[in-house]
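I opened my notebook on a new model today and jotted down what I looked up, in the order I got to it.

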Amino acid sequence: MSKARSFHERFPLITMLYRRALTREMALTTGAVLTVLVAIALVVLFIRLLGDVARGELANEAVFSFLGFSLLFFLPVLMTIALFAGVLLPLSRMWRDSEMVIWFNAGLSLTQWMRPVLAFAVPFSLVILLITLVINPWAQTKKIEYRQDLRSRSESSLIAPGMFAESTAGQRVYYVESLNPLTGIVRNVFMQSRIDGQLGLVVAREGSHTEMPDGSRYLVFKDGRRYEGTPGKLDYRIVQFERYWMRLDPVPVTGKETGIRQAPLNELLADKTPPARAELLWRVGVPVSALILAVMAIPLSFVNTRARRSYGLMTALLLYFVYNNLLSLTQAWVAQDKLNPWGGMVASHLVMLFAVAALFWLRTRQFAPRGRRA
């Protein structure tokens, strides 16, 4: 501690410069990595949601809303990876450019890099904690409420081009050849309905969904025919129309979907069941892991210019996956009541803290002569 104080007292301007430069570079790198990760996640989630729309499991109008909900759910993990890379990459660059050697010769030890790293990582981890504890449960609740609202509106929200879609009550079957997502107009519509044992078929050139000012909803078919009759009899009636209106009654939704992921923090703390404790472990564990990984990136950033540069990055990637799997494993064991909740809270973090201490000891021993001159 006395060596650290003497260095900062002798070179206050140098101390301020290296902290500002490192913080600025970490912020830029973290922002760039997070932007790339979010862009990749958006593409993957969007393709997955389009698949749900094609199968008729999701309404077209809900794609972008569900895209936001899904991205928010994965955002803490993406932010953790971005923070880890945002600390690791700038420090690795400083090793490759021999800047770290200059700082060591000036009297700055490896452990003293923890102060600027923690000053940057702690606020970042607090944002992750806010998302996992407060924002994500609220967002997941709103997602379920929105899904139930879509189900209660009408079966028209499940109509997908090229697929047969059955209404919730099983009284209607729809098929449309194509859909214009901008106007909501469908082409070449087929609908079969069965009401009081009477079969009805509607074939139309196009159709659309209309909502009246009083909130009632209708399917409007244009330029088509309706066939009505009883199966097994020949008394079918054919009606040709220019416009055919069919009212859609709201579908009642029974019960409300609830789960541990949607539970607010106060309910989660009051719940003593293993699944609730496992969910709390995960919500707290992600921001804690982000902080530990940021500190771990300091010794991991060492680059031997005579060796392959990818070794450090491969080790960092391996340690991240090990840490993430440890969190998932302890969460599963706590949820299955195989592990004490408090033990699960600290087990994986203690293992990684031991790894951090071992890496710092290894690097400090490797540069012991410079540390003594500091």
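I began with D223, which I found in strand β5, residues 217-229. A caution to myself: this is a predicted model.

I checked the backbone there next. D223 has a positive phi of about 55°, although D223 is not a glycine.

Then I turned to N188, a residue in strand β3, which covers residues 186-195. N188 also goes in my list of residues other than glycine with a positive phi, here near 50°. For N188 I noted a relative accessible area of 38%, which means partly exposed.

On to the helices. I looked up how α3 (residues 63-96) and α7 (residues 274-300) pack: the angle is about 10° and the axes are 8 Å apart. Since angles under 35 degrees count as roughly parallel, I therefore wrote "roughly parallel" beside α3 and α7.

Which residues meet across this pair? From α3 I listed P76, V77, T80, L83, F84, V87, L88 and L91. Their partners in α7 are W282, V286, S289, A290, L293, A294, A297, I298 and L300. I sorted the residues of this contact into 15 nonpolar, two polar and no charged.

A kink of about 30° lies at G285, shortly before the proline P287. Last, I looked up burial: 21 of the 27 residues of α7 are buried, so I noted α7 as largely enclosed by the rest of the structure.

Conventions: Residues numbered from 1 in each chain as written. Predicted model: local features only at pLDDT ≥ 70, side-chain atom pairs only at ≥ 80, totals over all residues. Heavy atoms only, no water. Axes fitted to C-alpha atoms, helices over the stretch in contact; angles between N-to-C directions. Helix = DSSP H or I, 4+ residues; strand = E, 2+ residues; numbered from the N terminus. Parallel < 35°, antiparallel > 145°, perpendicular 65-115°, else oblique. Contact = heavy atoms within 4.5 Å. Nonpolar A, V, L, I, M, F, W, Y, C, P; charged D, E, K, R; others polar. Bend = angle between axes of the 7 residues up to and from the residue. Buried < 20%, exposed > 50% of the residue type's maximum accessible area, 1.4 Å probe, protein only.
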